[in-house]
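Hi,

Here is the structure I said I'd pass on. Have a look at it first, and then read my notes below.

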Amino acid sequence: MAGGSERSMKALKEVWKRAENSLCADCGKPDPDWASSTLGVFICLSCSGIHRNIPSISKVKSLKMDYWDDAQVQFLAKHGNAVTKGIYEAHIPIYYYQPTYNDCQVLREQWIRAKYERKEFTEPGKQLPYSDGVKEGILWKRGRDNGQFLPRKFLLSEREGCLKYFTKQDAKEPKINVKIDVINATFQPEKIGNPNGLQITYLKDNKTRNIFVYHESGKEVVDWFNAIRSVQFHYLKVAFPIASDNEIKNRLTRNFLKEGYMEKTGPKQREAFKKRWFTLDHRRLMYFKDPLDAFAKGEVFVGSGENGYSVQKGLPSGTQGNFSWHYGITIVTPDREYLFTCETETDQLEWIRAFTGVINQAMTPQEYAIEAYFKFKS
């Protein structure tokens, strides 16, 4: 720590090493080494960059490299992460998504701005732009055939329990009308090529469909995301009246467990391996020709170990199909084996870790029904 008296440096270290300040106040990353001298929170380097963009609210300094005077150290000691969170996170709706350091920039930035700049969670019962059960507006949607993003009207309704979109502003009938309980939403800035890119996934006839959208405003797209979670939460509260709030919260939107390219062969295991984009959405392993395809070319159900599912490193001896990648994976199901190859050993190990995590979980009654559908379809 550059400059400062020994007394203030010692006091700063003592505040810094408190257990409450061992994680970033905004994203939970361990060992934060920055702090806000105006808010009194300890934050990581990445979140400090977001704070720096709202200088009227937060002044950030390095705990290792910057000078802290006695008054600033006393302010940190009086506040810290626990006290400040008690003020700015006092009334967060149960459905509101609180991002971690693994989440994308737009989610983390709007979380920080919602807390400190807009003070959305300081008062009970505050009317929020994603909390009234209906949201209507324009999102830029990627065309299924031409790949162009065009403005489309979207309507989310808690009363109707659905999300609709219209190809024209004055259209009376929606292009799609999707029940809220079959929708997932996840931010995909890299895949979509826009920092505010959101992927909306839904089930139709038990098959996965994708919609790719964005909005120029980071706040607006995050409001849409939390509005979907809000409507889902209230829908599920009615559908499952004895479930706890936390149980319902865990059934709201979810990030994909793993995505990326692998090669796959067909059921006869003699066909040439083809490169495909794979998405593991809990027990659904979907594969696409292109990451931005609206429809999956196929899906594989990944059940639990106690029901005969397993993942193995490598391919069965004597595998005949031609493949250019040499890090194999075999998914064993009660009915057949699925063979994949990865480009690198790192990819192989990450996929195996993701599959193992799913296989080690017991199946729910709903997942048994999905498994039955997959077996009937095949």
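Predicted model: local features only at pLDDT ≥ 70, side-chain atom pairs only at ≥ 80, totals over all residues.

β9 and β10 (residues 207-214) pair in the antiparallel sense, with seven bridges between them. They belong to an open sheet of seven strands, and if you walk across it the order is β7-β6-β5-β4-β10-β9-β8, with antiparallel pairing. β7 (176-179) and β8 are the edge strands; each has a single partner, so one side of each has no neighbour in the sheet. From one strand to the next, the twist averages 35°.

Now for the largest pocket, which holds about 1,000 Å³ of space. Its lining is made up of 31 residues, and the ones nearest the centre are Asp181, Arg251, Arg254, Glu367 and Ile370. If you sort the lining by class, you get 13 nonpolar, eleven polar and seven charged residues.

Where does the lining of the largest pocket come from? Domain 2 (134-250) and domain 3 (258-376) each give at least three residues to it. As for individual elements, β8 (183-187), β9 (198-204), α7 (218-239), β13 (284-288) and α10 (365-377) each supply at least two. So you'll meet two strands of the sheet again here: β8, from its edge, and β9, the partner of β10, both contribute to the pocket lining.

Cheers

Notes:
Residues numbered from 1 in each chain as written. Heavy atoms only, no water. 1 Å grid on protein atoms, 1.4 Å probe; cavity = no way out; pocket = protein on both sides within 12 Å on 5 of 7 lines; lining within 4 Å. Points joined across faces, edges and corners; volume = space filled by probe spheres on them. Helix = DSSP H or I, 4+ residues; strand = E, 2+ residues; numbered from the N terminus. Nonpolar A, V, L, I, M, F, W, Y, C, P; charged D, E, K, R; others polar. Domains from an automatic or database assignment. Pairing = 2+ DSSP bridges. Axes fitted to C-alpha atoms, helices over the stretch in contact; angles between N-to-C directions.
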